[in-house]
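Hello,

Here is the structure I promised to hand over. Please open it first, then read my notes below.

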Amino acid sequence: MDYQKIIEEVKETICREPAYSKPADYIPELSKIDPYKFGVHLQLIDGKSFSKGDFNEHFSIQSISKVFSLSLAYSILGEKIWDRVDVEPSGDPFNSLVQLEYEKGIPRNPLINAGALVISDMLISELENPLEDFLAFVRKISGDTLINFDLKVAQSEWEHSWRNAALTNLMKSFGNIQNNVDEVLNFYFHQCALSMSCKQLAKAFLLFARRGLAPDLERILSISQSKRINAVMQTCGFYDEAGEFSFRVGLPGKSGVGGGIAAVLPGEYSIAVWSPRLNKNGNSCLGMKFLELFTTKTEYSVF
């Protein structure tokens, strides 16, 4: 299949889409990004790759990082993580307090903010140096030692942290946060402030295309664990737009309000797209459209 030709054709098509949206502005640092940036990188499991646009430019991956923290916690704690976080789609905004109150502090899934905060709490309890160890994990699965946190973005999130602080305190009141609230928030904000390019992100997501194997072929996740993480991404990776993404794209994936989307076709490839303009659900408009047209043209998805 001529992947490069398909990528270029799809890029040309989506560039004609109207500019009706804008980057996230509730985190001030994210609002400074050029809204017309666009990059894509496709990484096959056989080592071949295909790219277009700003695929080497770093951006804040935001909630895509939740898949990495979930994978690290799952590799350490195994099935025990599901005692404190569920695996159901939320059907509500990613930072909903109402649902969390109703369900007594147990988040619907690990890919909404509340679920990722619980996973952060688990990692703080398990890791000797949580931030350093988490960063080392991401570098290992991507095969890239240059990945780092964007400290300006982390600080910007701290300065506008009221909703996430409320979520964490609410779960603390139900006994589902065991560490200091500020410590959990600090880990979470740094995690979301990971700065990566489409190329780095696609390489890291090969972990889920290769059913749990790192670049050096070390087994990070069991086949069963990799399957379950892909399932959670398929059903929960796009907040209350997960059904729409499954319907239109047909791949397990995860979005972030930095404009990135990473997705996988298990056994075949991983792909990362970046376009900062978001729709009302916090997902990249052009990223969603690109992946929809990409899987349509290739006639290749999990379905």
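**Strand pairing and cores**

Strand 1 (residues 39-44) and strand 2 run antiparallel and are joined by five bridges. Within this pair, histidine 41 stands opposite serine 51 of strand 2. Strands pair if DSSP finds at least two bridges between them. Strands (E, at least two residues) and helices (H or I, at least four) are DSSP runs, numbered from the N terminus.

This is a predicted model: local features need pLDDT of at least 70, side-chain atom pairs count only at pLDDT 80 or more, and totals for chains, interfaces and linings use all residues. Residues are numbered from 1 along each chain as its sequence is written, and side-chain values use heavy atoms, with hydrogens and water left out.

The open sheet has five strands, in the order 2-1-8-7-6, with antiparallel pairing. Strand 2 (49-53) and strand 6 (253-255) are at the edges with a single partner strand each, so one side of each has no neighbour in the sheet.

Now the cores. A nonpolar core is a set of buried Ala, Val, Leu, Ile, Met, Phe, Trp, Tyr and Cys residues joined through side-chain atoms within 4.5 Å. Buried means under 20% relative accessible area (1.4 Å probe, protein chains only). The largest core has 65 residues; Phe68, Leu194, Leu201, Phe205 and Phe208 touch the most other members. Helix 10 gives the most to this core, with nine residues. A second, separate core has 27 residues, including Tyr3, Leu265, Leu286 and Met288.

Best wishes

Key. Buried < 20%, exposed > 50% of the residue type's maximum accessible area, 1.4 Å probe, protein only.
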